[in-house]
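Trainee: I should like to learn how to read a structural model feature by feature. May we begin with the overall fold and proceed to individual residues?

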Amino acid sequence: MNAPEELDLDLDLSDELAAALLKEDNARPKRGGGGGRGRKPKVDVDNRHITVWMKLNHTIRLEGCDNPDCNDPRITGDRGRNVVSQIHDKYMCRYCFLEGYMLP
Ligand SMILES: [Zn+2]
């Protein structure tokens with residue numbers, strides 16, 4: 001068992017946004033390198049863990065989450081709700097991701 005210490009599911013919204021925005025920055029091609037490996041390793045989106053969520057490409061989307069039964073506890077209008085990630089052609093928020101939305 002290698003449970004991460006201090007798994008904080010209640011991450012600060014601004015942290016989440018910042019992470020999403022940082023990701024955009026990191027998505028740009030790095031200079032030089034020449035390693036020859038193109039894309040970053042594929043993330044296993046079926047592993048619904050917060051650390052997996054953090055590795056996903058996040059998108060700021062005004063419509064928010066695609067899940068009609070979204071359990072995002074954040075109030076409507078909270079910008080954190082706009083941070084979604086595309087999984088299997090659906091956009092979902094962190095909460096739906098962790099709850100296993102779209103899992104078989
Ligand atoms: Zn949701």
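Mentor: The protein contains three helices and three strands, where helices (H or I, at least four residues) and strands (E, at least two) are DSSP runs numbered from the N terminus. Their pattern along the sequence is α-α-β-β-β-α. The model is predicted, so that local features need pLDDT of at least 70 and side-chain atom pairs count only at pLDDT 80 or more, while totals for chains, interfaces and linings use all residues. Residues are numbered from 1 along each chain as its sequence is written.

Trainee: What pLDDT does the protein average, and which elements have the lowest and the highest mean?

Mentor: pLDDT is the predictor's confidence in each residue, from 0 to 100. The protein averages 79, and 70% of the residues score at least 70. Where pLDDT is low, the predicted coordinates should not be read in detail.

Trainee: How do the strands pair, and in what order do they lie in the sheet?

Mentor: Two strands pair if DSSP finds at least two bridges between them. Here three strands form an open sheet in the order 1-2-3, with antiparallel pairing. Strand 1 and strand 3 are the edge strands, each pairing on one side only. The twist averages 45° from one strand to the next; axes are lines fitted to C-alpha atoms, for helices over the stretch in contact, and angles run from 0 to 180 degrees between N-to-C directions.

Trainee: Which residues are bridge partners in strand 2?

Mentor: Strand 1 (residues 58–60) and strand 2 run antiparallel and are joined by three bridges. Within strand 2, V84 is the bridge partner of T59, and S85 is the bridge partner of H58. Strand 2 also pairs with strand 3 (residues 90–92) in the antiparallel sense, again over three bridges. On that side, I87 has K90 as its bridge partner in strand 3.

Trainee: How many residues lie between strand 2 and strand 3 in their hairpin?

Mentor: Two residues lie between them, and H88 in the turn has a positive phi of about 50°. Most residues other than glycine have a negative phi, and most peptide bonds are trans. D89, in the loop between strand 2 and strand 3, also has a positive phi, of about 70°, although it is not a glycine.

Trainee: Why does D89 count as exposed?

Mentor: A residue is buried if 20 or more other C-beta atoms lie within 10 Å of its own, exposed if 12 or fewer, and partly exposed in between, with C-beta atoms placed from the backbone. D89 counts as exposed because it has 7 C-beta neighbours inside 10 Å. Of the 104 residues of the protein, 15% count as buried. In strand 2, four of the five residues are buried, so this strand is largely enclosed by the rest of the structure.

Trainee: Which residues make up the largest nonpolar core?

Mentor: A nonpolar core is a set of buried Ala, Val, Leu, Ile, Met, Phe, Trp, Tyr and Cys residues joined through C-beta atoms within 7 Å. The largest one has eleven residues: A20, W53, C65, V83, V84, I87, M92, C93, C96, F97 and Y101. Strand 2 (83–87) and helix 3 are the elements that give two or more residues to this core. Strand 2 supplies the largest share, three residues.

Trainee: Which residues does I87 touch beyond four places in sequence?

Mentor: Two residues are in contact if their C-beta atoms, placed from the backbone, lie within 7 Å. Setting aside residues up to four places away, I87 touches V45, M92, F97 and M102. V45 lies in the loop between helix 1 and helix 2 and, on the same criterion of sequence distance, is in contact with V52 and I87. V45 counts as partly exposed because it has 18 C-beta neighbours inside 10 Å.

Trainee: Where is M102 placed, and is M102 buried or partly exposed?

Mentor: M102 is in the segment after helix 3 (94–99). M102 is partly exposed, with 17 other C-beta atoms within 10 Å. Not counting residues up to four places away, M102 touches I87, H88, K90 and M92. M102 has a positive phi of about 75° although it is not a glycine.
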